[in-house]
Amino acid sequence: MKSVVAIFLLIFTMTSSAKAALIEEGAKVAVMDFGTHPYAVTIDINILNAGQAAHEYILQRLFERNKMEIMDKDLFKAQLAAQNLNFTGLIHRNTAQKIGKILGVDYIIYGNVNDVTLSEVGADAAVIGGVTVCTVKSHIIARVMKVETGEIISAAKGEGKSKSSFVKVAGGPVALLEIGTAKVTQDSVHNALQQAAFQTVDVLIERIYGPTKNQRSVKK
């Protein structure tokens, strides 16, 4: 009987350790400015700063999930700029270490808007009154780095989709955003970015801290 209990305890211990969080709850984390992947998005999207929008949505979702202590990077922007430190998009481990010291954080989250594109255009698209209904897609990639070592603790990719209608560039309103040969609404682009950012954070949180009770029940 004792041997059975011992085996059970050993299995329980191994299972618990396997599920241990990669980052302790309440750890100090700073979110860097998100960039846009080179050549992956149009000039118009860059002008309207998809990276900044993604950064704000990432922050919003992290606050909602409430697992980490998020430090306000904006309070230190002048110091970071004075040190000529890049805090947008991809970040080198040496830069991360310097950022960590200035901000007083153990980890940073950084990444890029990988793309903003149209899908379901053409034969599969629904045409209503000469206006084509399509889907705006966006992908965001984020990484969590331990600043002391430069180690990537976790990474995630999120996808967002938003329905939109477009007209050809030649006849389309100037106020719309241009993606390829079409123009779509700004709301559609931001909805796609928000969904991608939220999904990215949710995946990161699950990989770092494990699935929530609801997620476990769904998977079963």
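Reader: How many salt bridges does the count come to by this rule?

Author: The count comes to 5 salt bridges, in a model that is predicted.

Reader: What makes Glu-25 and Lys-67 a salt bridge?

Author: The closest N and O atoms of Glu-25 and Lys-67 are 3.1 Å apart. The cut-off is within 4 Å, so the pair qualifies. Glu-25 lies in the loop between α1 (2–18) and β1 (28–31) and Lys-67 in the loop between α3 and β3, and the two are 42 residues apart.

Reader: Why is Glu-25 called exposed, and why is Lys-67 called partly exposed?

Author: Exposed means over 50% relative accessible area, and Glu-25 has 54%, so Glu-25 is exposed. Buried means under 20%, with partly exposed in between; Lys-67 has 23% and therefore counts as partly exposed.

Reader: How do you know that Arg-61 and Asp-202 form a salt bridge?

Author: Their closest N and O atoms are 3.0 Å apart, and the rule asks for within 4 Å. Asp-202 lies in helix α6 (residues 186–209) and Arg-61 in helix α3, so the pair ties together parts 141 residues apart in sequence. Salt bridges that share partners join Arg-61, Glu-64, Arg-65 and Asp-202 into one network. Within it, Arg-61 and Glu-64 meet at 2.9 Å, N to O; both lie in helix α3, 3 residues apart.

Reader: What makes the phi of Asn-66 worth a remark?

Author: Most residues other than glycine have a negative phi. Asn-66 has a positive phi of about 55° although it is not a glycine. Asn-66 is in the loop between α3 (50–65) and β3 (69–71). With a relative accessible area of 60%, Asn-66 is exposed, because the cut-off is over 50%.

Note on methods: Residues are numbered from 1 along each chain as its sequence is written. This is a predicted model: local features need pLDDT of at least 70, side-chain atom pairs count only at pLDDT 80 or more; totals for chains, interfaces and linings use all residues. Side-chain values use heavy atoms; hydrogens and water are left out. Helices (H or I, at least four residues) and strands (E, at least two) are DSSP runs, numbered from the N terminus. Buried means under 20% relative accessible area, exposed over 50%, partly exposed in between (1.4 Å probe, protein chains only). A salt bridge is a side-chain nitrogen of Lys or Arg within 4 Å of a carboxyl oxygen of Asp or Glu.
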